[in-house]
Amino acid sequence: MSVDHVEDAQRDTEQQTVTTTALRYYSVAPGVRLNVRSGPGTGYTIVRVLPEGAKVPIYCQTPGTTVTGPYGTSNIWDNIADGEYVSDAYVNTGSDGYVAPRCG
């Protein structure tokens, strides 16, 4: 194996480690069946509904429609999967601000 291949493999391993360790799951408010939308706002299509007791990853966050929920009023929307967003006002992140990078 050449030095180039070793460095590439090492870099790939480091990137995977960063990705897996940085991802946290957050609880949706108790007793809530949360609408998952195709974009960051209430005007976007509902693509599915999360069951009570769901936990979600937050890949990135972006501003959108302001929503009032169990955790306050917020215009932050959490990207939980490709093309899937939930209002941060329903997710227990422990913060009123951003806890993940802004969506690009």
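Helices here are DSSP runs of at least four residues and strands are runs of at least two, numbered from the N terminus. Counted that way, this predicted model has one helix and eight strands. Walk along the sequence and you get α-β-β-β-β-β-β-β-β.

How far can you trust it? The mean pLDDT is 87, with 79% of residues reaching 70 or more.

Among contacts with a separation of 6 or more, 47% join residues 24 or more positions apart. The accessible surface is about 6,400 Å², and carbon and sulfur atoms account for 49% of that.

Now for the side chains. The salt bridge count is one, and the partners are Arg 48 and Glu 84, at 2.8 Å from N to O. Arg 48 sits in strand β3 (residues 46-50) and Glu 84 in strand β7 (residues 84-87), so this pair ties together parts that are 36 residues apart in sequence. Here is how the two partners compare on accessibility:

| Residue | Relative accessible area | Class |
|---|---|---|
| Arg 48 | 38% | partly exposed |
| Glu 84 | 16% | buried |

The cut-off for buried is under 20% relative accessible area, so Glu 84, at 16%, makes the list.

What about the rings? Searching the whole structure turns up zero aromatic pairs. Tyr 98 does have a charged neighbour: Arg 102 lies over its face, 4.0 Å from the ring centre.

Conventions: Residues are numbered from 1 along each chain as its sequence is written. This is a predicted model: local features need pLDDT of at least 70, side-chain atom pairs count only at pLDDT 80 or more; totals for chains, interfaces and linings use all residues. Side-chain values use heavy atoms; hydrogens and water are left out. Rings of Phe, Tyr and Trp (its six-membered ring) pair if their centres lie within 6.5 Å; planes under 30 degrees apart count as stacked, over 60 as edge-to-face and the rest as tilted. A charge sits over a ring if NZ of Lys or CZ of Arg is within 6 Å of the ring centre and within 35 degrees of the ring normal. pLDDT is the predictor's confidence in each residue, from 0 to 100. Contact means heavy atoms within 4.5 Å. Accessible areas come from the Shrake-Rupley method with a 1.4 Å probe; for residues, only the protein chains shown count as cover. A salt bridge is a side-chain nitrogen of Lys or Arg within 4 Å of a carboxyl oxygen of Asp or Glu. Buried means under 20% relative accessible area, exposed over 50%, partly exposed in between (1.4 Å probe, protein chains only).
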